[in-house]
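Trainee: I would like to go through the terms used for this structure. Please set each value against its definition.

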Amino acid sequence: MLPLSGRRNSQWDRSPSSARTPLRHGRAHSHLRMGARCSRAQHPIFALQSQRASDAHLPAADAWRSTEPDSRMRLRTACCKCFRFQSTSAICDFIFLSLIWCFWTAMLPVVVVHGGAGHIPKERAELATIGVKEAARTGYVILEKGGSAMDAVVEAVAVMENNPRFNAGRGSVLNVKGEVEMDAMVMDGRNLASGAVSAVRRIANPVYLARLVMEKTKHLCLTAEGASKFARSMGVPEVLEESLITDYAKMRWKKNLEPDANPVECQMGKMGTVGAVAVDKDGNIACATSTGGMINKMEGRVGDTPCVGCGGYADNNIGAVSPTGHGEAIMKVTLSRLILFHMEQGKTAEEASDLALTYMKERVDGLGGVVVVDPKGTWTARFSSLQMVWAAAQQGELHYGVYRDENVVEPVQENI
Ligand code: ASP
């Protein structure tokens with residue numbers, strides 16, 4: 001069993017919309033009152049000015065000189081009223097904007113990670129949960145220190161690539177020949193820049209290489225031997241293929257060579273692809289995904305992960321998605337972009353995810369899961385598979401789960 005020590009919370013699409021409504025009302029109300037008091041004709045300073053200056057056809061400064069002491073006092077009082085009103089108005093605006101800013105940024109930063117969708121054996125679910133919690137914590141610490149969403153998702157994914165419990169980097173599933181070929185992608189929501197590698201071999205952290213493709217080339221994706229050459233030119237060390245292969249991966253590979261094996265079904269019995277989405281303190285959004293692909297895949301098979309809009313998407317204006325599941329199905333429905341499309345149409349992250357996952361199941365018989373954020377920091381983790389191991393860190397809290405409707409909450413600090 002999982003160590004379910006934290007608080008459970010069934011409503012885990014953390015939408016701030018309900019809290020926003022009273023603020024809006026407050027603003028509308030005070031605005032009306034300010035508007036009434038702010039009428040230029042009725043305002044004491046303008047009234048007095050017009051009485052003294054316009055009657056005498058003098059500008060306000062001359063009116064000041066021409067007034068009797070008691071009139072001056074009245075003018076000063078009017079001025080004070082005026083400035084007090086103006087400063088009150090400025091303070092109101094300042095407080096209102098500060099509240100909006102505080103409210104908006106209170107949900108930031110946030111990072112959500114997944115460690116794959118599928119049917120995860122109980123004994124492995126516990127270790128995978130520890131792995132995603134560590135990844136979410138890593139991303140969150142970066143974000144809390146003011147790091148970028150891109151840094152957070154890349155480092156969170158690298159933590160999972162280094163963990164042999166996941167199907168990415170070390171621990172990747174094997175292709176039909178018993179070899180490791182990996183896919184990875186990153187996307188930057190600020191400018192829609194993206195980088196990916198596909199069918200890459202002997203690289204410990206394909207997510208770093210994907211980021212280098214984004215930052216150092218004018219291309220979006222490099223594949224196979226070309227990706228390896230690029231890695232060498234960037235000084236990324238090659239590792240021995242054996243160092244990426246675990247006993248568990250070998251065992252599953254052998255099992256899937258049996259004539260009656262169904263690799264797609266068996267995919268559901270391993271730790272999945274890894275991914276992360278994040279919004280940083282500046283409101284920038286990013287995603288990263290990395291995978292060894294589908295178990296016993298054909299040599300050279302490229303899945304959804306390195307394809308923009310399928311294996312991930314990030315746009316500061318809408319949000320970010322990192323998916324996991326049957327890659328061919330994800331590609332047919334362009335799952336990540338489909339979810340963001342629904343969000344553009346006004347759906348919440350959770351509604352959009354459920355709509356798109358249901359569509360993928362009904363239309364192409366594909367199962368999977370996603371982690372999603374929007375620019376306000378609303379996040380969700382949804383899946384149509386039996387399980388998906390995920391974790392999220394926001395406002396000092398760490399959320400995590402594996403099974404449907406599971407959301408365990410504990411302080412992030414406990415884990416630092
Ligand atoms: N989506 C990955 C792929 O098809 C596999 C997974 O998520 O488990 O390559």
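Mentor: Helices (H or I, at least four residues) and strands (E, at least two) are DSSP runs, numbered from the N terminus. This is a predicted model, where local features need pLDDT of at least 70, side-chain atom pairs count only at pLDDT 80 or more, and totals for chains, interfaces and linings use all residues. Residues are numbered from 1 along each chain as its sequence is written, and side-chain values use heavy atoms, with hydrogens and water left out.

Trainee: Where does Asp405 lie?

Mentor: Asp405 is in the loop between β13 (397-403) and β14 (408-411). Its phi is positive, about 60 degrees, although Asp405 is not a glycine.

Trainee: Why is Asp405 called exposed?

Mentor: Buried means under 20% relative accessible area, exposed over 50%, and partly exposed in between (1.4 Å probe, protein chains only). Asp405 has a relative accessible area of 52%, so Asp405 is exposed.

Trainee: What makes Ala199 count as buried?

Mentor: Ala199 has 5% relative accessibility, so Ala199 counts as buried. Ala199 sits in strand β4 (residues 193-200) and has a positive phi of about 50 degrees.

Trainee: Why are α13 and α14 called oblique to each other?

Mentor: Axes are lines fitted to C-alpha atoms, for helices over the stretch in contact (heavy atoms within 4.5 Å). Angles run from 0 to 180 degrees between N-to-C directions. Under 35 degrees counts as roughly parallel, over 145 as roughly antiparallel, 65 to 115 as roughly perpendicular and the rest as oblique. Helix α13 (residues 335-344) and helix α14 (residues 349-364) pack at about 135 degrees, and are therefore oblique.
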